[in-house]
Structure formats: structure tokens, C-alpha cells
Amino acid sequence: TWHLKKIPQIVSERTFSLDSPKFEAKTKLELNSVCGIECQRKLPVPSSSDLKDLLSYETVFENGTRTLTEVNVLGLVLDPAGNTTTQRSLRKKRQIYGTDSRFSIYDKRFMTNFPFNTAVKISTGCSGILISPKHVLTAAHCLHNGKDYVKGSKRLRVGLMKTKSRGDGRKRKGARRNGMPSFQWTRVKSTHIPKGWFKGVSGDIALDYDYAVLELKRPHKRKYMELGISPTIKMMPGSMIHFSGFDNDRSGQLVYRFCSISDESNDLFYQYCDAEPGSTGSGVYLRLKEPNKKKWKRKIIAVYSGHQWVDVNGEQQDYNVAVRITPLKYAQICFWIHGNDENCTQG
């Protein structure tokens, strides 16, 4: 069952204009040397002032201008337990090894209906998910490398899968038969990225804050997926998660997968989902029962950050990782969607 949680408030205090970014960074679809499972266990709990800094955010607008908004966090109860994780065995090396457990969605009826229709393609080469009539959730590293915005993010576009094709070109018909979706591309009006992504752990990028929200120029008029607070592994049916994206090795295809989570920290899920670059930024979701109802509901509980290499016991280990939607991140993303905290008291 989805459990309602009281959400801390994030309120904006001041907004400053910043210099326009250069937009010269290269897009990195695989991140290296980030804080891994062991490192996460040793991290201190951020203080209230740390969180105010980490959750302040940059906004980049379509014309290339940029602002920094400082925020305050109200009603937060800090967890003294810190970044504890379940002590499970370290995962074996895996990106796609042995049997590939991904499913390409070929049938147009599935592809253009919920929940698959919520998956979108980002013009920088990643995936994302519709979270409101005008907003898309994706990974921060798809837009920014920790130091500068990536090339192509100045004229950022989002590709929504078309339900109907215009014209009757033979190529397009053939593409549909082969399960290749066509896209309707929409310009992005503004992009929000948390300051925590720029600060990083030990001077490096901080995977905990690898998420961003894009505001579209026009509403998409499609069914979107709501946000949910990420439950612990024990509260998930079979510890299973699901997500769909546009993996680079299956060009143009929508790829769906589900898998079990092997480990967790306060901010991250470490899992065994088969995935390739291109699927990063996908919305990870669960299906749980709504409180006091017989209905089941899918909600986004994490953002897929991709395949990561980290130091574990002095050796390089790899795993696939997702950034959890914590109550704080829920409050921030909800604030970005609504522009106020009035609609964000319960999650």
C-alpha cells in the first residue's frame, strides 16, 4: 500500500541572475568514480543548513539566461540513523550479461497507452518521464556534467511518442511495422537542477542529486505519472521496480524492464536491471494499492541514473543505480511543478 507521508516544505527565499552558461560540456552517459555503496554508508547526515544549500537550484531558460534560487526547508525532522543501508552481498559485474531481460515494446496499442506513453526521449540522448501536463523528470547528468551545461541543452527538446502519424510515407509505415515509434518534438521552456548536483561529494558530482525537471513550452495533453515517496525494499512487492526508456543499442525502440533491487541507501537504489546508455533519466515506478481503496496505482519512486563504476574495497565495481524520491526530493520536485508548496503537503 502507498503510505501517506507529511512532506517538509521547500520555500524560495531569493532568486539571483547568473551569467549565461557556455553550453560546452560533452554529454556523459556513464559516470565514473562516484560515491558508491561503502562511501554512502559513511556519509554524515546533512545538517539543515547543508540541505538548504544542496536543495537551492539553478534554472536555465530557453533564451540561455540563468538564475539561482535559494530555498529554506521547513518542517524537516532529520534522521539520526544516517545513510544506513541494508547489508547485502555486493553485486556481481553486470550491465547486460547472460540473458538480456529487456522487452522491446512493438505494439502501438501498448506503446501509446499508459504507462508506456509516459516515457519520453530527451534531445541530448537520454530518456525521461511525464510528471505533469507540462513537466518532465530526467537525470541531471543528461543536461549538466557538474561544471557546465552540455552541448545541445541550450535548445533542449523533448520527444513524445506519436499516437497517429501524419502523411502516408512508405518509410513511416514500415517503421511502424517494425515497432519504431515516431516522435513529436516539443521545445523546453526552462530547466531546474538542484545545486547539490554541482557541489558533489569530495569535490566530485553527487549522485544523490542526479535529477532535473524540464518545463515544456506547451502542455502535452497526455496521461502522465504521479510522483510517490520511495518506500524501502521491504515494502515493495517482491522488491521489484519497473522502467521504460530508449536504450541506444535498440535505436528508436521503447524498451521496458523490471527487476529486483539488491541494495539501498537513504538516497539510492542499487539494482540488477538490464539497461544500456540512452535509458538514463527514465522514471522508475511501482504499482501499489491506494490507501483505503481497492485500486492499484503506479507512481514514480526513483530516477534511473545509469551504469556506474565506483571503488569498493580498493577495487572498481559496477552496478546500475537509481536516485530515490525521498520526502525532500518530492517536496522540491512538487514545488518546481506548482510554483508553491500548497499542493505539496502530502506525498
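This report walks through a predicted model, from the whole chain down to a few of its parts.

**The chain as a whole**

Let us start with the overall picture. The chain has 347 residues, and 53% of them are buried. Its secondary structure comes to six helices and 17 strands. Among contacts with a separation of 6 or more, 75% join residues 24 or more positions apart.

| Helix | Residues | Buried residues |
|---|---|---|
| H2 | 48-55 | Leu51, Leu54 and Leu55 |
| H6 | 327-338 | Leu328, Lys329, Tyr330, Ala331, Gln332, Ile333, Cys334, Phe335, Trp336 and Ile337 |

In H2, where do the buried leucines Leu51, Leu54 and Leu55 sit around the axis? They cover an arc of only 85°, which puts them on the same side of H2.

H6 is mostly covered, with 10 of its 12 residues buried. At 1.5 Å a residue, the 12 residues of H6 should span 16 Å, and the C-alpha atoms at its ends are 16 Å apart, so expectation and model agree.

**A buried asparagine**

Now for a single residue. Asn72 belongs to strand S4, which covers residues 66-74. Is Asn72 buried or exposed? Its relative accessibility is 18%, and because buried means under 20%, Asn72 counts as buried. Leaving aside residues up to four places away in sequence, Asn72 touches Gln9, Ile10, Val11, Glu13 and Lys52. With one of these, Glu13, there is also a polar contact between the two side chains, at 3.4 Å. Another of the residues touched by Asn72, Lys52, falls within the 48-55 stretch of H2.

**Space inside**

Finally, a look at the empty spaces. Rolling a probe the size of a water molecule over the atoms shows where empty space is left. A search of the whole structure finds three cavities of 30 Å³ or more. The largest cavity holds about 90 Å³ of space. Its lining is made by 13 residues, and those closest to its centre are Val60, Ser153, Lys154, Leu156 and Thr191. Two elements give two or more residues to this lining: strand S3 (57-61) and strand S10 (183-194). Which element gives the most to the lining of the largest cavity? That is S10, with four residues.

Conventions:
Residues numbered from 1 in each chain as written. Predicted model: local features only at pLDDT ≥ 70, side-chain atom pairs only at ≥ 80, totals over all residues. Heavy atoms only, no water. Expected span 1.5 Å × (residues − 1). Buried < 20%, exposed > 50% of the residue type's maximum accessible area, 1.4 Å probe, protein only. Arc of directions from axis to C-beta. Polar contact = N/O pair within 3.5 Å; in protein donor to acceptor, adjacent residues only side chain to side chain. Contact = heavy atoms within 4.5 Å. 1 Å grid on protein atoms, 1.4 Å probe; cavity = no way out; pocket = protein on both sides within 12 Å on 5 of 7 lines; lining within 4 Å. Points joined across faces, edges and corners; volume = space filled by probe spheres on them.
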